[in-house]
Amino acid sequence: MPEVFLASSALKKSGYDGLDTIEEAERYNFDGVQLYIDERYRNSQYLIKVSTRLAKSGLGLVVHLPNIPTQLDLNAADYLARVFPNSRTLIHYLPATELPWMENTRVGWENSKVGIQSTEHIREVFDRSYTDDTFFVFDIGRPLYADDDDLISQANVINFIRDTMSELNTLNDLIHCADKRTWSGNFRDVMCVLGQGVCGLLLDDLRDFYGAIVLEHEDLQMAVDS
């Protein structure tokens with residue numbers, strides 16, 4: 001079974017607060033949290049509060065950098081990496097094309113392009129993670145697009161995702177996922193509990209992934225039910 005992390009995106013109603021994310025992850029027995037580094041983390045008092053609360057919880061940590069991080073963002077992420085040496089820090093490949101340098105950790109790459117044609121991009125990011133000697137974050141939702149009645153295209157996408165998952169290093173690589181009710185819909189418009197939408201076809205594969213999976217729903221109850 002995978003370790004399951006709660007992303008701060010699920011705390012949309014409370015402004016994606018890191019402290020609230022930790023509290024809810026602990027309440028609902030998640031294995032860890034993914035915290036998105038926004039401007040609040042540039043405040044040293046907030047950063048210390050988050051790190052103290054996280055240390056007390058015993059939860060694992062994934063840090064998500066903004067697409068174009070400032071030096072203050074990197075300083076905050078580097079502080080968390082020093083306090084939590086087993087944590088992982090990631091950034092989207094595109095718009096970033098070079099990994100930001102951090103003293104206490106090696107940043108990983110996540111695929112960012114959306115749509116059925118994003119498979120070439122995913123392979124590029126996968127290969128780039130290898131050549132940059134870092135880890136890969138596979139967002140399986142980004143290629144999950146096809147016409148709702150195009151069974152061939154749907155099968156091709158599912159098979160591609162399964163093949164890519166089979167190549168992941170479960171000790172280092174991560175999976176990002178949510179679910180959506182329709183193939184053609186935008187995730188934010190048709191998001192649903194994992195397994196109640198098109199990802200139902202991948203549920204057994206996700207259960208068999210012996211690594212870390214981050215649930216990136218934008219609703220706490222959906223993440224909890226997932």
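Visitor: How many aromatic pairs does the structure hold?
Guide: This is a predicted model. One of its aromatic pairs is formed by Tyr-41 and Tyr-46. The total number of aromatic pairs in the structure is five.

Visitor: Is the pair of Tyr-41 and Tyr-46 stacked or edge-to-face?
Guide: The two ring centres lie 5.1 Å from each other, and the planes make an angle of 85°. Planes over 60 degrees apart count as edge-to-face. The pair of Tyr-41 and Tyr-46 is therefore edge-to-face.

Visitor: How many residues apart in sequence are the parts that the pair of Tyr-145 and Phe-187 ties together?
Guide: With centres 6.4 Å apart and planes at 70°, the rings of Tyr-145 and Phe-187 form an edge-to-face pair. Tyr-145 belongs to the loop between strand E6 (136-139) and helix H5 (151-166), while Phe-187 is in helix H6 (residues 187-190). The pair therefore joins parts whose separation in sequence is 42 residues.

Visitor: Is Tyr-145 buried or exposed?
Guide: Residues under 20% relative accessible area count as buried. The relative accessible area of Tyr-145 is 15%, so Tyr-145 is buried.

Visitor: Which residue lies over the face of Tyr-145?
Guide: One face of the Tyr-145 ring has a lysine over it. At 3.2 Å from the ring centre, that residue is Lys-180.

Visitor: Which strands are included in what covers the buried residues of H3?
Guide: Helix H3 spans residues 71-83, and its buried residues include Leu-74, Ala-77 and Leu-80. Helix H2 (44-57) is part of the cover. The strands included are E3 (60-64) and E4 (88-92).

Technical notes. Residues numbered from 1 in each chain as written. Predicted model: local features only at pLDDT ≥ 70, side-chain atom pairs only at ≥ 80, totals over all residues. Heavy atoms only, no water. Helix = DSSP H or I, 4+ residues; strand = E, 2+ residues; numbered from the N terminus. Expected span 1.5 Å × (residues − 1). Buried < 20%, exposed > 50% of the residue type's maximum accessible area, 1.4 Å probe, protein only. Contact = heavy atoms within 4.5 Å. Phe/Tyr/Trp six-rings, centres within 6.5 Å; stacked < 30°, edge-to-face > 60°. Lys NZ or Arg CZ within 6 Å of the ring centre and 35° of its normal.
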